[in-house]
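I opened the model to look up the ligand's surroundings and then the packing of some helices. My notes follow.

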Amino acid sequence: MHRLTESDLEVQATARAFADELIPFEVEAELHDGRLAPDVEAAHRARARDLGLTATNIPVEDGGRGLSTLQQVLVQEQGGRVTNALAWCMATPPGWLPAVASPYQRERWLLPSVRGDAVECYAITEEHAGSDVADLAATARRDGDDYVLDGEKWHVTSYNEATYAFFQARLVGGDHDGEHAMFFVDLPSSGVRVVRTPAYSHTIGHHHPVVAFEGVRVPASHLVGAEGAGMTFAHEWFRFERLMVAARCLGAGERLVEEASAFAQSRMVGGQPLADYQLVQAMLADSVTELLAARTLVYAVARAIDDGADRKVAHAQCSMAKLYASEMAGRVADRAVQVFGGRGYMRENVAERFYRELRVERIWEGASEVQRVIVAGQLAKRGLRDLV
Ligand SMILES: Cc1cc2nc3c(=O)[nH]c(=O)nc-3n(C[C@H](O)[C@H](O)[C@H](O)COP(=O)(O)OP(=O)(O)OC[C@H]3O[C@@H](n4cnc5c(N)ncnc54)[C@H](O)[C@@H]3O)c2cc1C
């Protein structure tokens with residue numbers, strides 16, 4: 001129904017088989033703070049790399065796989081079928097970086113990330129700057145050949161795995177006073193410390209600590225692109241990551257429908273399978289219908305990008321994809337818990353884990369309300385025709 005080419009189907013099958021290898025490790029991860037034995041985690045990372053499931057978003061000339069946007073979606077969709085972030089080993093390094101990295105930055109951070117030898121994290125959000133990311137309080141001040149960075153960043157995902165951070169701040173002084181800039185900060189670095197590591201709803205091995213950057217000195221060669229360009233990268237990243245969030249939500253939705261349907265067929269209540277009760281059928285039917293709608297939307301947006309869609313139109317369409325797919329996945333998880341009954345409230349059950357894990361998909365990379373504001377803004381500017 002979705003008209004995939006031979007090569008799309010091959011990529012999809014490889015990713016699906018790998019996701020199926022990861023699924024048996026979910027409960028162990030759930031019961032151990034999201035962690036598996038170090039040698040098992042290392043083996044998963046190596047296998048993802050060997051199967052060609054990492055750096056799918058990076059051009060071949062930069063060492064990546066150079067997959068089409070649709071194929072990237074197909075890979076991340078399969079990763080979305082796995083809980084506890086076990087599929088994050090199918091890493092996607094910053095796809096916007098090759099275009100702006102200096103030769104030095106390319107050797108030092110980009111290529112190692114693409115090979116899987118370096119891991120990045122993003123230190124952008126602050127206590128009082130999230131949806132309103134333009135309101136950062138963190139500062140970057142030029143001092144001779146260096147910049148001095150100060151600020152406290154929240155929710156720095158994967159900080160405990162990372163070898164470097166992208167730190168975004170407002171410039172103080174100079175020609176671009178008040179504008180944004182982004183910097184590479186190696187980890188660990190003098191002046192960078194974890195303030196605290198809060199517990200979150202999901203159980204994954206990647207932490208999201210609050211991190212203080214206090215008088216952190218980096219050479220000017222650590223500036224990403226130009227002064228004043230910081231927000232451009234954030235927008236590029238948002239567009240890509242919103243579509244990938246949507247893709248992973250499709251995978252989660254599929255897994256939930258499959259598992260809830262299988263359970264409904266096997267569980268006998270009052271002498272007949274749950275699946276024979278029309279109220280249960282309604283939950284499954286609504287879920288599978290919404291899943292099809294979301295998949296059709298997400299694949300169409302990916303194809304439009306591959307066909308060279310206008311950047312602003314793509315931005316709005318990626319927002320629509322994330323908005324609809326994340327809300328779909330939340331509803332599907334809620335129904336799946338209901339179908340599983342008491343079992344669906346147990347952490348050993350896939351529906352329970354997804355019920356918690358999927359909640360953040362409506363918040364990070366822009367909350368649903370922010371996506372709606374973006375879509376409505378483009379609708380007002382362009383009219384309906386460009387967008388649908
Ligand atoms: C688990 C997790 C991991 C994260 N990882 C990272 C990371 O690695 N790096 C990083 O920099 N950030 C990260 N974030 C931060 C994330 O991007 C922000 O949480 C998100 O953008 C929302 O910002 P906020 O939390 O400040 O919410 P707020 O901006 O305080 O918004 C709160 C709520 O207000 C509503 N709202 C906000 N703006 C509008 C509006 N314009 N119109 C209508 N309603 C609105 C929405 O309902 C929103 O949910 C992470 C967050 C979480 C939870």
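Predicted model: local features only at pLDDT ≥ 70, side-chain atom pairs only at ≥ 80, totals over all residues.

I started with T125: an N or O atom in its side chain is 2.6 Å from a nitrogen atom of the ligand. I counted a polar contact as a pair of N or O atoms within 3.5 Å. T157 also has a polar side-chain atom 2.6 Å from a nitrogen atom of the ligand. For E369, I found a polar side-chain atom 2.7 Å from an oxygen atom of the ligand.

Residues are numbered from 1 along each chain as its sequence is written, and side-chain values use heavy atoms, without hydrogens and water.

Next I looked up helix packing. Helices here are DSSP runs (H or I, at least four residues), numbered from the N terminus. I took axes as lines fitted to C-alpha atoms over the stretch in contact, with angles from 0 to 180 degrees between N-to-C directions.

Helix α7 (residues 230–266) and helix α4 (residues 69–79) have axes that come within 7 Å and cross at roughly 45°.

α7 and helix α10 (residues 350–357) pack at about 150°, their axes 10 Å apart. α7 and α10 are therefore roughly antiparallel. In contact (heavy atoms within 4.5 Å), A252, R255, L256 and E259 of α7 meet V350, A351, R353 and F354 of α10.

Methods:
Helix = DSSP H or I, 4+ residues; strand = E, 2+ residues; numbered from the N terminus. Polar contact = N/O pair within 3.5 Å; in protein donor to acceptor, adjacent residues only side chain to side chain. Parallel < 35°, antiparallel > 145°, perpendicular 65-115°, else oblique.
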